[in-house]
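I opened this one to get my bearings. These are my notes, in the order I looked things up.

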Amino acid sequence: MTVQDIRAFNRFYTNVIGALDYGRRLYAPYTLTESRVLYELAHAPRTDAADLRTQLHLDAGYLTRILNKFEEDGLVERGPSETDPRRRRITLTAPGREAAALLDERARETVGAMLDTVRAEDRPRLAQAMRTVRTILGDGRAPRPEDVVLREPAPGDLGWIVQRNAALYAAEYGFDADYEGLVARIVADYAEDHDPDLERTWIAELDGRPVGCVMCVRDDAPGAARLRLLLVEPDARGLRIGDRLVGALVDFAREAGYREVVLWTNDILGAARRIYQRHGFVLVAEKPHHSFGRDLTGQDWRLDLYATPE
């Protein structure tokens, strides 16, 4: 392979994806770089300007100009960082989330149209070739937490939630088909009737594939949100995905005006319980039961969204 081979591939690929055509409908009215900033803000609920600059390899002055423009247009809000007062935290406003969602929808439509031209039997080979390029040029490095993005579910993702919950809980805890039925009902209820202002699902994505999920739905108790179906794939554990999913849900619940977040789990799910504890959830009740083919101890946990941190 020569330098010319790589340059030829780059010219071909940028032509295929239209990455250099800033006037196309895909990015309008934003540039490609502005679209990338919106994308990162939409998929990282707690983003400092310094982290954003590092992730996107942007000049500090250039990023500041983009953020100034976004703030003038009402797309972002800036405030002091919760972890370092010297930093500035950037969050999307409701119009900012709408703009990011529109760009994401356009991108998915564009990629989908490109995939429609690829024969079904060629798609696995194409996917493997892409993974090979990323692995080799990435020097074979292990995935990092910053490689994971949180996004809203795309078509097929809700079915993935049912399938992976059923498969993983059967493999790791011996749950029977009753658990799959429970997850299927939860997901079906969400798909058929949910309020996007009060309920949301997050998918954690790594290398183009889903590796985690969580749902926030309204609870029967007034003012309460319920956390449901937190899951992280075994090969993606150790990247703080569970923490990020729960953190995104807690932030959303607080912004949506809920007073508390509640959840039900079982005592054998030790890793999940530790995540809940780190985010301030408190065990309020537990009770033995026989479900999913197992003798279990169910636990109710609660997070007061307005409690003063110790």
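**Notes around E260**

I started with a side-chain pair: the side chain of E260 makes a polar contact with the side chain of R302, at 2.3 Å. A polar contact is a pair of N or O atoms within 3.5 Å; within protein, one must be able to donate a hydrogen and the other to accept it, and residues adjacent in sequence count only if both atoms are side-chain atoms.

A note on the source: this is a predicted model, where local features need pLDDT of at least 70 and side-chain atom pairs count only at pLDDT 80 or more, while totals for chains, interfaces and linings use all residues. Residues are numbered from 1 along each chain as its sequence is written, and side-chain values use heavy atoms, with hydrogens and water left out.

Is E260 buried or exposed? I found it buried, because its relative accessibility is 14% (buried is under 20% relative accessible area, exposed over 50%, partly exposed in between, with a 1.4 Å probe and protein chains only).

Next I placed E260 in strand 8, residues 260–266. Strands are DSSP runs of E, at least two residues, numbered from the N terminus.

Then I traced the sheet: it is open, has 7 strands in the order 4-5-6-7-8-10-9, and its pairing is mixed. Two strands pair if DSSP finds at least two bridges between them. Strand 4 (149–151) and strand 9 (282–291) each have a single partner strand, so one side of each has no neighbour in the sheet.

Last, I checked strand 6 (residues 209–218) against strand 7 (residues 224–232): they pair antiparallel over 6 bridges, and G212 stands opposite V232.

Definitions and conventions:
Helix = DSSP H or I, 4+ residues; strand = E, 2+ residues; numbered from the N terminus.
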